[in-house]
Each structure stands twice: as C-alpha cells, then as structure tokens.
Amino acid sequence: MTQPPAPQPAQPGFAPSYPAAPAPAAPPRGFSGLAIAGVILAIFVPFVGFILSLIAIFQTGATKKRGRGLAITGVVLSVVVMASAGAVIYSLSKSTVIDPGCTAGKAAIFKLDANATPATLDTAIAELNAAADKAKNDDVRKAMKTLADDYTKLMADAKAGKAPDNAAMQRITADGQAIDDLCTIGS
C-alpha cells in the first residue's frame, strides 16, 4: 500500500488552495404586490388597475418577482370592465331614459290618480307641456305633447258635460304606454 503524498509546504508567494465554496442559494422570489392590487382595482377603479397591472407585468419578468399571471389577469379584467362601462355609457347617451322631458313628464303623470280633479288635471297638462319643452329627443317631446292634448280634450269634454268615451280613454292609455316605453329601461 502506498501512502498518500505528504502535504507540500506552501511555497513563498502562493496561497494554499481550498475547494470553492458552494454558491449561495438564490433568494426566494417575492410575490408582486402591484399584481394583487392591479387585479383588485381592475374591478373597482379599472384605469388604475390597468396601470398597476402593466407595471406588475414588467416587475414580474424572468427571474424577478412572482405573479405575472395575476398581472396579466389584471390587465385583461381592466380592459373588459372599461369596455363594458363604455358600452353602458354609450347606450345611455343614446337612450331617451335620461331625457329631461321623460323625468318631468313621468313625474306629472305619477301625480294623477283615479280621483283626479279638474285642478289636478290642469296641473298635469301644464306639467306635461313643460316636459315637452324640456325634452331633448323629438319622440319624447311629441309623446308628452300628445298626452297633454289628450288630457286637454278630456277636460273640454268634461266642461261641456260629456262623459269620456271609450276611444278617448283608450287613446290616453296608449299614449301613456308610449311614454312609458320611451322613458323606462327595459320596456
């Protein structure tokens, strides 16, 4: 058996060699807080959620923080919510539901009841005519004016001692339905 060679004395000017130390373990990657905030805000404040999610996408690149999928979800969710809100706003802007004539006219109609007096009917006629003047949409203006004219004819017949006929009541019902169709969501 041979013996291992004896260690050699260090030569002057040379340091003894030691085995290399193991590389330190990579620090654990943290989760991106911006990605989490971006997803949450994408629902409630979509523009802010969109911006935070975009920043989080860059923050979660290769060998950086975790949460890239969450950041992408935040971007997509923000875009969907903003597009949906835009579609709702656009459709409401084209709708007659928010027309000032609708608001005022429906308020006048709701004041009437089965026991309307000539005074309350006169007030309703005046309010319907005022609603027609406020209306921005031509169809709303026409519908308010038509119902006001129906009530005016009904008042004239009542003052002349005539009982309201079936045709007049059907016309008032149909014109009231036209206003309801114009001024109610989902009708």
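Analyst: Start with a cut-off: buried means under 20% relative accessible area. Bear in mind that the model is predicted.

User: Why is Cys183 called buried?

Analyst: Cys183 has 7% relative accessibility. The limit is under 20%. Therefore Cys183 counts as buried.

User: What makes Cys102 and Cys183 a disulfide?

Analyst: The S to S distance is 1.9 Å. The rule asks for cysteine sulfur atoms within 2.5 Å, so the pair of Cys102 and Cys183 qualifies. Cys102 sits in helix H4, while Cys183 belongs to helix H7 (residues 166–183). They are 81 residues apart, so the pair links distant parts of the chain. By this rule the count is 1 disulfide.

User: Which handedness does the link of Cys102 and Cys183 have?

Analyst: Left-handed, with -65° about the S-S bond.

User: Is Cys102 buried or exposed?

Analyst: Buried. Cys102 has 1% relative accessibility, and the cut-off is under 20%.

User: Why does Lys106 count as buried?

Analyst: Its relative accessibility is 17%. Lys106 lies in helix H4 (residues 100–111). Leaving aside neighbours within four places in sequence, its contacts are Ile179, Asp180, Cys183 and Thr184.

User: Why is Thr123 called partly exposed?

Analyst: Thr123 has a relative accessible area of 39%. Buried needs under 20%, and exposed needs over 50%. The value falls in between, so Thr123 is partly exposed. Thr123 is part of helix H5 (residues 118–134).

User: What does the side chain of Thr123 reach?

Analyst: The backbone oxygen of Ala119, at 3.0 Å. A polar contact needs N or O atoms within 3.5 Å.

How values were computed: Residues numbered from 1 in each chain as written. Predicted model: local features only at pLDDT ≥ 70, side-chain atom pairs only at ≥ 80, totals over all residues. Heavy atoms only, no water. Helix = DSSP H or I, 4+ residues; strand = E, 2+ residues; numbered from the N terminus. Buried < 20%, exposed > 50% of the residue type's maximum accessible area, 1.4 Å probe, protein only. Contact = heavy atoms within 4.5 Å. Polar contact = N/O pair within 3.5 Å; in protein donor to acceptor, adjacent residues only side chain to side chain.
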